[in-house]
Structure formats: C-alpha cells, structure tokens
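The sequence and the structure are shown first.

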Amino acid sequence: MLSLLFLLLLTQGNLSMSEQLPQNIFILAGQSNMAGRGGVANNTKNAHEPLHADIDYNKTTGVGPGMPFANAVLTRVPHFGSIGLVPCAIGGTAIREWAKGGFLYDQLVRRTQFALQSGGVIRAMLWYQGESDTEIREDADAYKGRLSRFFIDLRADLGYPTLPIIQVALASG
C-alpha cells in the first residue's frame, strides 16, 4: 500500500529509476474535491488518476486537482525537476477529523515522512476542504481556529515551520 501512496510525475520519460526520485514533494489533503470525484482520463506514464483510489476507498474517486496542478508547474517551469504527490484526502471529512492525534492527521504525517525518505523537499501542501464544516453552525464558527491549529501542528511535526499551504475552502451550507 505504501508504494501507492507516493506517485511520481517526471519531467523526462527516459530516466532510470534512481534518477526518478522526486525532488519536489506536494501533499494533497482535504476532502472529496481533493480526492476527486469526476471522470478519469489516464495519459501519463508514471502517475495516474485516481490518485486517492487506495485512500478514499469507500467512495468513487476520480479526477482531483493534484495532477493538473503538478502538470501546470512542470509546464510553466520545465526544469523544476520531478514532482512527488502525496495523496491524503478523504471525502466527507470535517476539520476536527484532521486534528493532531487523529487517524487522518497521523496518516498524513506518516505518508509525508515516507515520501521524504527519497531525499526530496516538501514544497507545499494543497488543502481543499471545508464543505463538511458548513452543516452545523458551531462547526462553521470553530473552523478558523481548528484550521489554524491544524496548520501549526502539521508544520511543527513535519519540521517545516514555513511550509506553504495552498488553500481552497468551500462553503455551500
């Protein structure tokens, strides 16, 4: 299962496996919009949708923003180097489920630490979550504080105090 957690996008298709170790790691976390729910079209050699198939296994996963993000980076910055994506999203989760000490938090940290064993650097976390926290007023009111605590804890536990976090938040409730 760990082998499926860490997917590579390569800048060149003719590199040996030793040369393909990702230099630039991005964490993909949040809920269903990050895990992906749309149609799947696989046109890459080394990584393919659905990225979260083995993680968000109770739901139908599909296309999320992780691969398009990585492809956009590689298109705009051709010599950026290889990208490692660490999928961690689970659909329908609330921010309280991502708190330090909880299963989702622990899995995110564990998966990221595994990805770092190849010697790469975490460049950012893409965080796409929030809709589940709009259903109950108390959760909506507590969201900012819980999210802030989550970001602080994660940066500390990963040893990246200035880890960039690219956030998308939905509010449909």
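This is a predicted model: local features need pLDDT of at least 70, side-chain atom pairs count only at pLDDT 80 or more; totals for chains, interfaces and linings use all residues.

Asp-153, by contrast, is buried, with a relative accessible area of 12%. This value falls below the 20% under which a residue is classed as buried.

Both Asp-153 and Arg-149 belong to helix H5, where they lie 4 residues apart, about one turn of the helix. The spacing can be read against the geometry of the α-helix in general: there are 3.6 residues a turn, so residues three or four places apart point the same way.

## A salt-bridge network around Asp-139

Salt bridges with shared partners join Arg-96, Asp-139 and Arg-146 into one network. Asp-139 takes part in two of the contacts described here: one with Arg-96, where the closest N and O atoms are 3.3 Å apart, and one with Arg-146, where the corresponding separation is 3.1 Å. The count of salt bridges in the model comes to 5.

The contact between Arg-96 and Asp-139 links distant parts of the chain. Arg-96 is located in the loop between strand S3 (83-87) and helix H4 (103-116), whereas Asp-139 is in helix H5 (residues 137-158), and 43 residues separate the two.

## Aromatic pairs

The model contains 8 aromatic pairs. One of them is formed by Phe-26 and Phe-69 in an edge-to-face arrangement, with 5.1 Å from centre to centre and 75 degrees between the planes. This pair links distant parts of the chain: Phe-26 lies in strand S2 (residues 24-30) and Phe-69 in helix H3, 43 residues apart. Phe-26 counts as buried, at 5% relative accessibility, while Phe-69 is partly exposed, with a relative accessible area of 23%.

Trp-98 and Phe-150 also form an edge-to-face pair, at 6.2 Å from centre to centre and with 65 degrees between the planes. Here too, distant parts of the chain are linked, as Trp-98 is in the loop between S3 and H4 and Phe-150 in helix H5, 52 residues away. Ring pairs extend to a cluster of Trp-98, Tyr-105, Trp-127, Phe-150 and Phe-151.

## The faces of helix H3

Helix H3 (residues 66-76) has Gly-66, Met-67, Ala-70, Val-73 and Leu-74 as buried residues. Which part of the helix do these buried residues line? Viewed down the axis of H3, the buried residues fall within an arc of 125 degrees, and therefore they line one face of the helix. On the other side of H3, Thr-75 and Arg-76 are exposed.

## Summary of the contacts

Within H5, Asp-153 and Arg-149 lie about one turn apart. Helix H3 provides Phe-69 for the pair with Phe-26 of strand S2.

Note on methods
Residues are numbered from 1 along each chain as its sequence is written. Side-chain values use heavy atoms; hydrogens and water are left out. A salt bridge is a side-chain nitrogen of Lys or Arg within 4 Å of a carboxyl oxygen of Asp or Glu. Buried means under 20% relative accessible area, exposed over 50%, partly exposed in between (1.4 Å probe, protein chains only). The arc is that of the directions from the helix axis to the C-beta atoms. Rings of Phe, Tyr and Trp (its six-membered ring) pair if their centres lie within 6.5 Å; planes under 30 degrees apart count as stacked, over 60 as edge-to-face and the rest as tilted.
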